[in-house]
Amino acid sequence: MNEIILTNNENLRLQALRQYQILDTISEADFDDLTRLAAQICGTPIALISLIDESRQWFKSKVGLDTESTSRDLAFCAQAILQPHETLIIPDTLLDPRFASNPLVTSDPYIRFYAGAPLITPEGYALGTLCVIDYVPRQLNLEQLEALQTLSRQVMTQMELKRNLYKLQRITSDEHKQIKYLISALSHDLRTPLLATRGTLYAMLGGAFGSVSNTWRDVLEDCRQANEDLLKFVEVLLNVSRYKTEVSKSLKYEIISWKNIFLETIIRSNGTQKQKSAIRYKIASSLPIVHGDALEIQRVVQTLLEHALKINNSDQEITLEVAVFGVEKVKISVRYNSLGIAPLDKESLFNSFIQGRGRNNIDKLGLYLCLQIVEAHKGTINVESTADEGTTFWFTLPVASLKS
């Protein structure tokens, strides 16, 4: 196998691959979890996320193999992408004339079995595969094959998320139409397969594919949690985009009940957090009336409280408070103990909505959404943090802010 066989749309395929800016990047847990899961489900010693460029196959993630890449003319995955809508399965490489004399078969690592599910972009280009490899001839059962295909779609979902985030970074104030396009892309290309993967992982944990050892149950649970985190991330990203185009123009103003907001926020947070922190709330007496969209204001309080729960020591109390601030405002605070936030981090905390999670596990995208909501209500948001006294996220709202 010395001749490289090209796909029918090779130039366009390579252009699509470059758009993801993934080649020669460092290893990432989100991809490594999917590779380990593929090896576990299929029962193989080797699993790879392989991407095919002009002259090589490069491994974004690998289990059971040390090399970073191989020549494309030797790559099994280079054959797999020639039929992008089928999973290439080679039960015994020595019986297949395409691979019997391949150095990867006749010498280290002595491949005898291969199965590769192509990684297909929304435009239909095959960039590589999620593949599993064994040293002995074998087959995959139907459940293993379907799981491998599901996981390959999840790999592509991860790549799509990163590509769309890169696009969002390039959006300017004059490009709102692109935001609407990205909302649609994220809804269909990311959220749907993430929901499908959620169902598959729950089925695996429930024993649908056979018994699961304690060790691999931990791995599956980690993957499930990572999938849930990514789903939440996509939801917040969609909300950010919606705020730029829709929601901020159609807020539903009503009298804010701070007791209802605080109680509902605490109940929801206690239901999702494994480590429980004591949470109390304080509402100042003779508080002036504030009008706003209660669901959106609760979203802000919920986001700030969830940040506090992630960072706060479980034996330390968290306080929600609303009080009079100046003459025409109220101030809502979420106060907790932490190591503090560096001054440089505080300056960009609410304004860098594509930088993912920064120090202290602070989700900057969620905070950016909080900024959008508070400013739409003509308020301000900020944070105060010192190493000895803890951290307080706070925002203000004007009193009696009836929508004109």
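Which residues does T396 touch, not counting residues up to four places away in sequence?

## A buried strand residue

The contacts of T396 are F325, K329, V330, K331, V374, G379 and T380, leaving aside residues up to four places away in sequence; contact here means heavy atoms within 4.5 Å. T396 sits in strand β13, residues 390-398. Helices (H or I, at least four residues) and strands (E, at least two) are DSSP runs, numbered from the N terminus. With 1% relative accessibility, T396 counts as buried, where buried means under 20% relative accessible area, exposed over 50%, and partly exposed in between (1.4 Å probe, protein chains only).

## What you're looking at

This is a predicted model, where local features need pLDDT of at least 70 and side-chain atom pairs count only at pLDDT 80 or more, while totals for chains, interfaces and linings use all residues. Residues are numbered from 1 along each chain as its sequence is written, and side-chain values use heavy atoms, with hydrogens and water left out.

## Two nonpolar cores

A nonpolar core is a set of buried Ala, Val, Leu, Ile, Met, Phe, Trp, Tyr and Cys residues joined through side-chain atoms within 4.5 Å. The largest one holds 49 residues, and W258, I332 and F395 touch the most other members. Helix α9 (residues 294-311) supplies the largest share of this core, nine residues.

Take I332: beyond residues up to four places away in sequence, I332 touches W258, F262, V301, E321, V322, F393, W394, F395 and L397. Apart from that core lies another, of 37 residues, including A39, I49, F113 and A115.

## Cysteines

A search of the whole structure turns up zero disulfides, counting a disulfide as a pair of cysteine sulfur atoms within 2.5 Å. C42 is buried, at 0% relative accessible area, and C370 is buried too, at 1%.

Which peptide bond is cis? That's the one from D108 to P109, with omega near 15°. P109 belongs to the loop between α4 (103-106) and β5 (113-120).

Q21 has phi near 50° and is found in the loop between α1 (10-19) and α2 (29-42). Its relative accessibility is 45%, so Q21 counts as partly exposed. S286 also has a positive phi, about 55°, although it is not a glycine. S286 lies in the loop between β8 (279-283) and β9 (291-292), and at 73% relative accessibility S286 counts as exposed.
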